[in-house]
Amino acid sequence: MSAGGVLDPAGAVPVRPQRRGWLRSNADLLGTPIIVLLGLGAVALWVSTRKLDDIEARALQPSAILVDLGQHLVLAAYSTFFVIVIAVPLGILLSRRRARPVRGAVLAVGGFAQALPPYGVLVLIAFAPPPFGFNRFAVIVGLVAAALLPVLRNTVVGLQQVDPALIEAARGMGMSARATLLRVELPLAVPVMVAGIRVALVLNVGTAVLATFVGGGGLGSLIVRAQTLNRPLVLVTAGAIVAALALMIDWLAGVVERLVRARTT
Amino acid sequence: MRWTIDGRSGWYASALALVGAVALMLTGCGALNSSGPSAQGGSIAQGPLLQGQSYNVGGKEFDEQKVLCQLTIAALQAAKATANDMCGIVGSVPTRAALTSGAIDLYWEYTGTAWTTHLKQSNPIPDSQQQYLAVKQADAANNIVWLDPTPFENTYALGVKKETADRLGVRTLSDFAKLVNSGSPEATLCVAQEFVGRNDGLPGLEKAYGFQVPTGKLKTLDEGPIYQAVANGNPCNFGEVFTTDGRILALGLTVLTDDKSFFPKFNAAVSIRREAFDRNPDIAKVLNPIAAKLTNDVMINLNKQVSQDGKDPRAVARTWLQQQGFIGS
């Protein structure tokens, strides 16, 4: 590992942990927020010049959109939280040598859950007996199932790519297996794990659009209404909001990822 | 620019047409299973024929539309025309886009949907006949011809399980308004997004009957699952339904009486591209007598055979046409 920083696995930007030059080397981070602001501003300007009919005006009430947005964020946050709580410990267990026989099978189950069509899963869960039902809980279970794999796989891969020589050295210094895991393996695996969590988060923001079909609310409500009532103005606005949300969440996760990388170097 | 759907307006219409075309491919009801010698004879064969004509018959994805689509195909075949089966396009907007783009030549549309969704009007006309005439007139500008409407009226209603209605003593929408205003925890309502957004949906209903369902008791789901959700009483006891849906019978639901006549009544009619209509206007003489026989009871019964008894819409349509003497056996 070089003294200046760690090389991004994507192969691109060397990240410097030093305070000086941090702004300059991270100036590219400003791009996304600027694009999002310009895009939202353009849509808002366009909407403000249109004469809205009753249906459009009702759908575009700021208070209603804020409620949808809030529900959407809550769904994405809860489901990502549970994905982390479930997939990270499971991934750590799977990365241990003893778990090798079942590793492939468990990852295959994760892949299977991701491959199921989320709409079908949501409706099935919604009709399952309590505590399932047409509620937020059912939606979160569906989202967690769909987004489990990236975190699970990246945790396993992140731990496996740690140099065995480092682990051996740690054990040689007298560290217990647990201390080796907590103080050597996990810190070195964190960048890969965070990349997986970022994928899951963005996946959840996108899939939460389906929540409206089973009474879970969210920004999907606006999209479905605009589509069934054929109001392109509302559809474009809703699409812009979801796109902006996904971009900003991905951006935030990207910032966190970069900070984590810089710290674990 | 003004958004319009008239087949000439830029990328939006093209995009919709593409969606429609993809939907057609995905539903997999291509032209392969369309022709068949079964629809011969009967009263249609004695009337004006459409020899040498070929029509792409479309329809939406739900049971009533499948039946109407198959009725049309069988009738056109009995009149010696070629009818290509393009039934089962998902959604009203893609189906209409398929019509305006020329991917299909005709399909059954409801006057209310045409007025609110396709013609972008906010307020429906209370009288069903006036509503039909207004749609027919407005759509002439889009080069779409409307044949005669059905007597059956498909309209919004609130449905509830029979036992729940008895237990709560709710028979009419006024009773429901009273129940909501009493703050009863039983007054839960399931609706779809379209119903929430339309003037003749929930906003107008609440105003007409003087109630407001609190947000915690209002669930917005997809239209399909609402029937089962109401039958289960979970998550709601009441739900938005369509009056001719076969699942009302199948699941033992009852429809609340609209005692203030709030919900506008909408008929269905064949909407056909003018170019396809002008090729042989006798198509009206083939299809209008069928529309005239489609009363509420007939339509509910046909829908039930598909929704509850699991019969093939094609078989249901042909059997009914034979019983009515439109086609021979």
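Visitor: Hi! Which residues touch the most other members of the largest nonpolar core?
Guide: Those are Leu122(A), Leu148(A), Val214(A) and Val230(B), in a core of 87 residues. A nonpolar core here is a set of buried Ala, Val, Leu, Ile, Met, Phe, Trp, Tyr and Cys residues joined through C-beta atoms within 7 Å. Buried means that 20 or more other C-beta atoms, placed from the backbone, lie within 10 Å of the residue's own. This is a predicted model, where local features need pLDDT of at least 70 and side-chain atom pairs count only at 80 or more, while totals for chains, interfaces and linings use all residues. Residues are numbered from 1 along each chain as its sequence is written, and chains are lettered from A in the order in which they are written.

Visitor: Which helix gives the largest share of this core?
Guide: Helix H7 of chain A, residues 136-160, with 14 residues. Helices are DSSP runs of H or I, at least four residues, numbered from the N terminus.

Visitor: And what about a second core?
Guide: A separate one has 61 residues, including Tyr110(B) and Leu321(B).

Visitor: New topic: how many residues of H10 in chain A are buried?
Guide: 9 of its 9 residues, 220-228. Among them are Arg225(A) and Gln227(A). Asn230(A), which follows H10(A), has a positive phi, near 55 degrees.

Visitor: What is the mean pLDDT of chain B?
Guide: It is 87, and 88% of the residues of chain B reach 70 or more; pLDDT is the predictor's confidence in each residue, from 0 to 100.

Visitor: Where does pLDDT stay under 50 in chain B?
Guide: Over residues 1-10, and also over residues 24-38.

How values were computed
A residue is buried if 20 or more other C-beta atoms lie within 10 Å of its own, exposed if 12 or fewer, and partly exposed in between; C-beta atoms are placed from the backbone. Helices (H or I, at least four residues) and strands (E, at least two) are DSSP runs, numbered from the N terminus. Two residues are in contact if their C-beta atoms, placed from the backbone, lie within 7 Å.
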